[in-house]
Amino acid sequence: MQQLTAMDATFLHLETPAMPMHIGSVSIYDPSTAPGGSVSFKQIMENAVTRGGSMPTMNNRILEAPLSIDLPYWIADEVFDPEFHIRHIALPQPGDWRQFCIQIARLHSRPLDRSRPLWEMYVIEGLDKVAGCPKGCFAVYTKVHHAAIDGVSGMELAAATHDLEPDPARPPSTGVSVVKLESAPGVPELLFRAQLNAIRKPKKLLALAKEAAPGIARFSEGIRSGKLKRVGAVPFTRFNENVTPHRVFDSLLCDFEDIRTIKNMMKGVTVNDVVLAICGGALNKYLTIHNELPDSSLAALAPINVRSKDSAGAMGNQVSQMTVLLHTDIDDPIRRLAAVNQGTRDAKELTNAIGAKTMANSSQFIPTMLLASASRLSIKQGPANRKNPTYNCVVSNVPGLQIPVYFNGAKMLSSYGQGPLTDGNGLFHAVSSYCGQFTVAFTSCRQMMPDPAVYAQCLRESFNELLNAANKTDGGKKI
């Protein structure tokens, strides 16, 4: 039995029917590489039992503490049941990209069942008219609650369920998943555990305060002297309203080499800077189309991975965050990229002053009942009512696998991520890469973005502008 962190529990407390707090990924596969040239649903079920059933993420459910007096626990108290979690569906004819995006958005809109392990998998057939996909391809959409994994651990989970060759040698399946079942503790034991945690917390808090003190001093001095710069007032946009239960999904897919070409155009620019500049240009175009572009720049929340090598594969979230300007107020793509680069440097210096790990750990000492009450109050009042957002969207960049991988022998052709939306944050960009491809997939609220194909085109145009600018530089020399 493993207790959730305060950060993990926040994702549970924030969840409502309109705000399901899971993250998702969908990958498209070509079954022609599999032994026999096809993959059956039965094979996928057997693979899930053999390789996924023993993973904590796949067989642990939530156990709440009485009256939210303590943080919840993960507990494995039932046999792994793939027939409940894995579903088989197909797109209607003709099976094109638009239908695919609509289907993924619908699946992503539905909350997970809290009484079961918090994940679901959908095998989707009928992708006969999706560009770049041979006829007969299928997709696998998987969603897992954000309380259980973050973007990096999600990639680790994907790596564990894929192979590096179409027909690897593996022991024969017994059809049985070995899971160590646990007895759920009663109310007295949970109350006793809560009391012990309350006794230990002041000592841990003192240790954190001692660790954080130098960073806080550096932060305060940096702000006073002007060496550290914070993002100022952020404009209110349509993406800062309260979200509905309905989602939309689409993506930009491009060559990773083109992203590197843009990055190499300017000294000191990173791949993440390029992504932020693309998103900034796309939002500039999209809001201009709707006559809603603010005079000041929009800002994005960018998660920071603080997961150590020792915690690889562990459940839960180990992330901090920084807020960066997207410079949507700059039309010129080169000037926008330069401004984004300077802004991310400022944001990193601000984060480094205290330390990303320290910032992530600080949430552990918020009283549990206060954490739950604050989450419920935030939902009731709604950030959209305050009209003073701290950011306008999320841009999460998680590096992916750069070699071909196979699922039941079928080669993965492409992969896209989906993130959760909350009141006040109705646009999430999930950025990833795979085998020479680069994707900027986005999830939004259908009321805020009724035309996702338009925003996808804005992303494409913003990317093309940066690439054209990079190709026009003198001999490829950095600016």
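Is C435 buried, partly exposed or exposed, and what is its relative accessibility? Please take your time and connect this residue with the rest of the chain.

Guide: C435 counts as partly exposed, because its relative accessibility is 32%, while buried would need under 20% and exposed over 50%. The model is a predicted one. C435 is found in the loop between β14 (427-434) and β15 (437-445). Its phi is near 50°, a positive value in a residue other than glycine. Most residues other than glycine have a negative phi.

N291 is another such case, with a positive phi of about 55° although it is not a glycine. N291 sits in the loop between α9 and β9 (299-305). At 74% relative accessibility, N291 is classed as exposed.

A further backbone feature is found at P94. The peptide bond that runs from Q93 to P94 is cis, with omega near 10°. P94 belongs to the loop between β5 (86-90) and α5. Most peptide bonds are trans.

The chain has a count of 0 disulfides. C137 is in no disulfide, and the nearest cysteine sulfur, in C133, lies 4.9 Å away. C137 is buried, because its relative accessibility is 2%. The sulfur of C393 is 6.6 Å from the closest cysteine sulfur, that of C279, so the two are too far apart for a bond. C393 is buried as well, with a relative accessible area of 1%.

P399 is exposed, with a relative accessible area of 63%. P399 and V431 are 32 residues apart in sequence, yet their C-alpha atoms are 7.9 Å apart in space. In the chain as a whole, residues 24 or more positions apart account for 82% of the contacts with a separation of 6 or more.

The interior can be described next. Buried residues make up 53% of the 479 residues in the chain, which has 13 helices and 15 strands. The largest nonpolar core has 92 residues, and those with the most contacts inside it are F138, I259, I262, L337, F438 and Y455. Helix α9 (residues 271-289) gives the most to this core, with 11 residues. Leaving out residues up to four places away in sequence, I259 touches C254, V271, V274, I278, F438 and F463. Another core lies apart from the largest one and has 19 residues, including L91, I104, V130 and C133.

Helix α1 (residues 6-14) is mostly covered, with 8 of its 9 residues buried. Among the buried ones are M7, F11 and L14.

α5 (97-109), β8 (247-255) and α13 (452-471) each supply at least two residues. By class, the lining has 9 nonpolar, 2 polar and 5 charged residues.

To return to the residue you asked about, C435 is partly exposed and has a positive phi.

Key
Residues are numbered from 1 along each chain as its sequence is written. This is a predicted model: local features need pLDDT of at least 70, side-chain atom pairs count only at pLDDT 80 or more; totals for chains, interfaces and linings use all residues. Side-chain values use heavy atoms; hydrogens and water are left out. Buried means under 20% relative accessible area, exposed over 50%, partly exposed in between (1.4 Å probe, protein chains only). Helices (H or I, at least four residues) and strands (E, at least two) are DSSP runs, numbered from the N terminus. A nonpolar core is a set of buried Ala, Val, Leu, Ile, Met, Phe, Trp, Tyr and Cys residues joined through side-chain atoms within 4.5 Å. Contact means heavy atoms within 4.5 Å. Ala, Val, Leu, Ile, Met, Phe, Trp, Tyr, Cys and Pro count as nonpolar, Asp, Glu, Lys and Arg as charged, and the others, Gly among them, as polar. A disulfide is a pair of cysteine sulfur atoms within 2.5 Å.
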